[in-house]
Amino acid sequence: MLLTTMLGFNRNQERIHILKDVTGILKPSRMTLLLGPPGCGKTTLLLALAGKLNKNLKVTGEIDYNGVKLQDFVPEKTSAYIGQYDLHVPEMTVRETLDFSARFQGVGSRAEIMKEVIRREEAGIIPDPNIDTYMKAISMDGLERSMQTDYIMKIMGLDICADVLVGDAMRRGISGGEKKRLTTGEVIVGPSKALFMDEISTGLDSSTTFQIVSCLQQLAHISESTILVSLLQPAPETYQLFDDIILMAEGQIVYHGPKSCIMSFFESCGFKCPGRKGDADFLQEVLSKKDQQQYWSRTEEGYNFVTVDQFCDKFKASQSGQNLVGELSKPYDESKGHKNALSFSIYSLSKWDLVKACFARELLLMKRNAFIYITKAIQEMREHGYMERKLQLLHNITGAFQPGVLSALMGVTGAGKTTLLYVLAGRKTGGVIEGDIRIGGYPKIQQTFARISGYCEQTDVHSPQITVGESVAYSAWLRLPPEIDSKARNEFVNEVLETIELDEIRDSLVGIPGVNGLSTEQRKRLTIAVELVSNPSIIFMDEPTSGLDARAAAIVMRAVKNVADTGRTVVCTIHQPSIDIFEAFDELMLMKRGGELIYAGLVGHHSCEVIQYFQAIPGVPRIKDNYNPSTWMLEVTSTSMEVQLGADFAQLYRESSMCKDKDMVVKRLSIPVPGTTDLHFATRFPQKFQEQFKACLWKQCLSYWRTPSYNLVRFVFITLSCIFFGALFWQQGNINHINDQQSLFTILGCMYGITLFAGINNCQSVMPFISVERSVVYRERFARMYSPWAYSFAQVAMEIPYVLMQVVLFMLIAYPMIGYAWTAAKFFWFMYTMFCTLLCFVYMGMVVVSFTPNIQFASVLSSMFYTLQNLMSGFIVPAPGPQPPCHSKASTGHGSSPRLPQTRWWRPGGTCTGQDINSSKPPRGATEGARQV
């Protein structure tokens with residue numbers, strides 16, 4: 001498989017091999033784990049198998065389903081690909097998202113299944129009553145709620161948020177882990193029997209991941225589905241659920257076979273997994289040049305690095321490799337395949353049913369975005385007293401984070417970890433916050449706190465058209481003290497890039513998630529680097545290892561540990577830590593669903609403190625040998641375990657000596673140390689306003705220059721518009737051609753039309769560009785990087801040269817073609833008027849996006865603005881009342897109709913309106929003077 005890329009304007013093509021000699025078999029009723037470091041080709045392999053590869057990629061080789069070639073059926077309908085990125089409609093609830101997905105995939109009207117069930121019943125074959133009831137229930141039409149949807153929500157743990165809006169970066173909704181589960185549920189709710197899942201555990205805790213993979217295992221074994229799942233950091237118990245393993249590196253398959261044989265294969269190569277090391281972590285690290293040597297078991301022999309190519313050769317020569325070759329050499333027995341296993345039609349529904357389903361969804365979204373709907377919803381809530389109810393997300397959280405201590409904040413998905421982090425960092429803008437937060441014994445002042453703290457968000461929000469190195473340098477420019485000169489600042493930037501291992505991709509564009517640019521793990525490392533470069537005293541990290549493989553996660557946590565060792569306070573929420581990563585933390589705060597604290601203390605050597613505390617509770621099962629303590633901890637403190645034991649872990653913690661000791665520590669740290677003073681900064685921001693403006697303008701300049709989809713498109717549009725209008729109104733602006741009322745209206749219509757065309761295009765095209773940057777601005781503003789005025793002025797100023805270029809194109813193309821007067825005063829006055837008019841449209845687009853929740857709402861609101869502009873331009877509505885007759889010709893080279901309240905023109909001695917102009921000739925001697933008006 002080859003990737004052909006075009007680098008800049010260079011016509012020389014570079015061929016990059018993504019996958020090399022990839023061969024294998026995926027069998028039904030078996031679940032296969034796909035392992036490998038980021039960038040090894042896992043996503044490309046999954047897309048290839050699902051028939052969803054980019055058409056620009058050159059593919060060699062063949063892919064068969066049950067002996068049928070990929071091009072002979074519809075693979076996109078037969079299989080399902082679940083991507084890394086959670087793309088949903090934010091205005092829909094979880095239930096509505098799953099319902100519509102099921103509806104589009106044909107779930108709910110399974111006529112063929114019901115015919116088969118009825119035929120078997122008539123033949124005397126009676127199915128199990130429970131199965132019979134379930135199959136008939138999910139096949140019924142006319143139900144508002146699908147039983148299939150309810151079933152999927154239950155097994156995915158989404159029933160608790162079924163009626164909550166999904167939300168996005170700009171709107172509150174479900175949590176990141178719930179979005180990931182929704183992405184998975186949206187696909188498995190359908191009838192596909194071949195599932196290809198790309199890193200579905202990102203953002204989920206290990207317990208939830210185990211439950212989901214267990215469900216997939218049942219699905220594979222019961223429904224004879226073929227499932228291939230790629231995971232970055234699978235816990236040992238999750239790893240054990242898989243039947244087969246595919247291990248990839250550098251685009252090649254290092255191992256493909258049963259899970260039971262893979263460890264013996266590597267032992268035959270001279271590498272052995274240590275006792276307290278997870279198998280999945282070992283398999284990924286043993287391929288790394290930096291980590292391989294520690295697993296070398298043949299101490300009597302000298303160690304030499306074993307390359308990926310050498311591992312591949314060893315696998316082909318092994319028994320597992322020989323078995324695979326033997327199976328591939330045999331032709332597929334088509335009698336074994338079910339006739340309905342493959343799909344030969346693109347859609348599950350008729351075109352009319354698809355239209356109805358799409359219309360129903362669009363109608364729902366229109367209602368959700370309507371002012372009337374929102375107003376009625378608020379009135380409904382008030383009538384039922386919902387406005388007075390408070391949903392308490394956190395309950396009596398008391399704790400302390402100390403300098404030089406690396407603290408972990410853990411809990412199942414929905415326990416309130418991110419909410420607590422938001423409260424501590426001062427980023428919780430809604431709701432009511434009660435309690436007291438102190439820094440060094442003094443009450444926290446958010447303006448000061450933002451200057452000394454860093455916050456790594458769970459979602460990696462960055463400007464897409466900026467490179468990695470520029471992103472880090474930009475953060476350092478605005479957040480480091482002004483006393484640090486540019487040379488020292490650049491050295492610090494380089495040090496951070498090397499620490500987080502981003503130096504090799506420092507010149508790569510960040511790009512848009514799921515479209516282009518950096519991978520998920522690279523974006524995560526960039527998020528950390530952007531905060532670390534500010535040299536903060538306190539760092540909050542929300543899921544810093546989500547989306548990273550075991551080795552990358554270990555690298556990041558080593559860097560975080562080094563930061564903590566310098567005396568900084570570091571707090572991390574974490575979902576699926578390996579044993580090594582979990583035991584790298586010094587202290588742990590464990591929360592249960594509902595926002596209650598159930599543990600706050602030391603982790604201990606080999607997690608001894610955590611294990612000792614929970615095993616002391618009667619009924620709690622003991623941890624197994626070599627079991628991950630973090631996974632065990634979440635399992636034994638689950639809601640089901642509380643019901644089984646009849647215990648409340650939060651109450652047990654409040655009554656424990658650990659809680660009392662923690663309260664004493666909090667009281668001691670709440671009193672300022674004698675001789676110290678509260679931290680205070682003389683200025684609100686690290687840099688002066690001029691430096692803020694300079695930095696923001698630098699970034700805007702790079703973003704604009706690297707976004708041809710915005711700037712190049714509008715240049716092409718204005719050029720084509722000028723040619724079109726110039727040809728259509730050829731020489732109509734020449735004063736010799738304006739002899740009557742119609743000719744005057746013609747040239748006024750020309751000015752009106754081209755201004756409106758160009759203005760609306762500018763307004764519409766700027767809105768998506770501003771919308772992409774808006775979430776980045778919110779992150780940077782929370783970090784107190786700059787004043788909103790500095791950013792706004794930079795953004796406004798950046799439009800001036802581009803709009804000026806548009807106006808120059810108009811003046812060089814359309815102005816002479818239309819025949820306007822070639823005098824300096826009229827030329828530059830027209831240019832100035834056109835320039836101001838187009839800027840007004842651009843700035844209006846910016847304002848509309850800034851004050852609306854999403855780009856769709858902004859588009860609707862801007863259309864109302866266009867209508868008002870149309871009506872108020874003065875071209876359509878003539879001036880009221882009779883006016884003195886006017887017999888002079890009017891020059892049209894000095895104005896633009898959208899800026900005039902009426903179509904009224906000046907002449908020496910009086911005014912006249914368009915309707916009073918007639919074709920009478922001016923008196924002798926007045927012609928030349930009239931032409932110069």
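Guide: A word on residue classes first: Ala, Val, Leu, Ile, Met, Phe, Trp, Tyr, Cys and Pro count as nonpolar, Asp, Glu, Lys and Arg as charged, and the others, Gly among them, as polar. This is a predicted model, in which local features need pLDDT of at least 70 and side-chain atom pairs count only at pLDDT 80 or more, while totals for chains, interfaces and linings use all residues. Residues are numbered from 1 along each chain as its sequence is written, and side-chain values use heavy atoms, with hydrogens and water left out.

Visitor: How do the residues that line the largest cavity divide by class?

Guide: A cavity here is a set of points, on a 1 Å grid over the protein atoms alone, where a 1.4 Å probe fits but cannot get out, and lining residues have an atom within 4 Å of a point. The largest cavity has a volume of about 130 Å³, a volume being the space filled by probe spheres set on the points, which are joined across faces, edges and corners. Of its 16 lining residues, the closest to the centre are Gln233, Thr545, Ser546, Gly547 and Gln576. By class, the lining comprises 5 nonpolar, 9 polar and 2 charged residues.

Visitor: Are α18 and α28 roughly parallel or roughly antiparallel to each other?

Guide: Helices are DSSP runs (H or I, at least four residues) numbered from the N terminus, and axes are lines fitted to C-alpha atoms over the stretch in contact, with angles running from 0 to 180 degrees between N-to-C directions. The axes of α18 (residues 468–479) and α28 (residues 689–705) come within 10 Å and cross at roughly 165 degrees. Angles under 35 degrees count as roughly parallel and those over 145 as roughly antiparallel. The pair is therefore roughly antiparallel.

Visitor: Is the crossing of α30 and α33 left-handed or right-handed?

Guide: Helix α30 (residues 741–782) packs against helix α33 (residues 855–872) at an angle of about 160 degrees, with the axes 11 Å apart. A crossing is left-handed if the near helix is turned anticlockwise from the far one by less than a right angle, and right-handed if clockwise. The crossing of α30 and α33 is right-handed.

Technical notes: Helices (H or I, at least four residues) and strands (E, at least two) are DSSP runs, numbered from the N terminus. Angles under 35 degrees count as roughly parallel, over 145 as roughly antiparallel, 65 to 115 as roughly perpendicular and the rest as oblique. On a 1 Å grid over the protein atoms alone, a cavity is a set of points where a 1.4 Å probe fits but cannot get out, and a pocket is an open set with protein on both sides within 12 Å along at least five of seven lines; lining residues have an atom within 4 Å of a point.
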